[in-house]
Amino acid sequence: MAVTARTPLAGGYVAAAVERIDLDAGGHPVAVVLKRVQPSEVAAMRALAVVPGVDRPRLLATGHDGHGAWLLLPFYPGAALDGGDVPAAVWDVLGKVHTHWHRRRARGIPVVDARWWWAMVVGHTLPAVRGAHGRTGDPRLAGIAELLEAWSTDARLRAALALLPRTLTHGDAHRGNVLLATDSAVLIDWGNARVAPAGLDVATLAAQGAPAPPGYAAPAMSPALREVERLWAQVQVHVQYLGFAADHLGTERVVEMVDTAARALDALGPALAAASRG
């Protein structure tokens, strides 16, 4: 087997050190993707491989060399999804993954708990918002930074995370990670996989105007608990991507996202009370 070409990848494969490698396998052309990864992504791909009925993306090989861990995957030709509905194949994969790993912890993958939430807000989101305030001087951003500090230890979010069952989630299931391959859509780049409530993936796509279709098989839970998950996920997703918005989308979008998160957080208290009575 000989390498005939190596090409850096962009589009839906955007990440550090990702390349397509074209091979000549005894006269048959084969294209694969070599990706430098963190150990948690290796763990995520191994966890994905044991889910019945899920064969994309498929782990071909993994290893470790002087530059760190790497994955070898098939190359799926196609472009990232840009608007429109998310293909049913993606929802099918998410439903199967969420159901298979429901109330089970995939080893080697970070767990979204109160400590993780605090670290995410304080270590990632807050600095971006403060940086945007420093660049723009907009007083609304200063107020949002104060609000995020309070949210980092909010008792309602801690209570929700203590109550909600977890599963394996993609953790970053936005349209840019949906690859429209020629024969079927593929949800790629599991580098931000998390052991978290399943609503994390659903809310990420819903925030982009792609709510879950009726065919999405969500893990079973009571209606009251499902409402807690939905509200928690709205807060999580809008805060999780707030740093990106502060850096790239402008103050108005930041304010809009914070308002959405605040409304969900206000509703989370009554939802938690209802779930506890149920």
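These exercises, each with a worked solution, concern a predicted model.

**Exercise 1. Packing of two helices**

Determine how helix H2 is oriented relative to helix H6, and state which residues meet.

Solution. 
Step 1. Locate the helices: H2 covers residues 88-100 and H6 covers residues 199-206.
Step 2. Read the geometry: the two axes are 10 Å apart, at an angle of about 160°.
Step 3. Angles over 145 degrees count as roughly antiparallel, so H2 is roughly antiparallel to H6.
Step 4. List the residues in contact: H2 contributes Trp91, Leu94 and His98, and H6 contributes Asp201, Val202 and Leu205.
Step 5. Sort them by class: four are nonpolar, one is polar and one is charged.
Step 6. Consider the spacing in a helix. An α-helix has 3.6 residues a turn, so residues three or four places apart point the same way.

**Exercise 2. An aromatic pair**

Find which residues form an aromatic pair, classify the geometry, and decide whether each partner is buried or exposed.

Solution. 
Step 1. Search the whole structure: one aromatic pair is found.
Step 2. Name the partners: they are Trp91 and Tyr216, with ring centres 5.6 Å apart and 65° between the planes.
Step 3. Planes over 60 degrees apart count as edge-to-face, and this pair is therefore edge-to-face.
Step 4. Apply the cut-off for burial, which is under 20% relative accessible area. Trp91 has 4% relative accessibility, so Trp91 counts as buried. Tyr216 has a relative accessible area of 12%, so Tyr216 is buried.

**Exercise 3. Charges over rings**

State which rings have an arginine over them, and at what distance.

Solution. 
Step 1. Take Phe75: the charged end of Arg20 sits over its ring, 4.3 Å from the centre.
Step 2. Take Trp101: Arg104 lies over its face, at 4.8 Å from the ring centre.

**Exercise 4. A covered helix and a loop glycine**

Work out how many residues of helix H1 are buried and what covers them, then describe Gly250.

Solution. 
Step 1. Count: in H1 (residues 39-49), eight of the 11 residues are buried. Among them are Val42, Met45 and Leu48.
Step 2. Identify the cover: it includes strands E3 (28-37), E4 (61-65), E5 (68-74) and E7 (167-169), along with H2.
Step 3. Turn to Gly250, in the loop between helix H8 (242-248) and helix H9 (251-277). Its relative accessibility is 32%, so Gly250 counts as partly exposed.
Step 4. Relate Gly250 to Met45: they are 205 residues apart in sequence and 35 Å apart in space, C-alpha to C-alpha.

Terms used. Residues numbered from 1 in each chain as written. Predicted model: local features only at pLDDT ≥ 70, side-chain atom pairs only at ≥ 80, totals over all residues. Heavy atoms only, no water. Axes fitted to C-alpha atoms, helices over the stretch in contact; angles between N-to-C directions. Helix = DSSP H or I, 4+ residues; strand = E, 2+ residues; numbered from the N terminus. Parallel < 35°, antiparallel > 145°, perpendicular 65-115°, else oblique. Contact = heavy atoms within 4.5 Å. Nonpolar A, V, L, I, M, F, W, Y, C, P; charged D, E, K, R; others polar. Phe/Tyr/Trp six-rings, centres within 6.5 Å; stacked < 30°, edge-to-face > 60°. Buried < 20%, exposed > 50% of the residue type's maximum accessible area, 1.4 Å probe, protein only. Lys NZ or Arg CZ within 6 Å of the ring centre and 35° of its normal.
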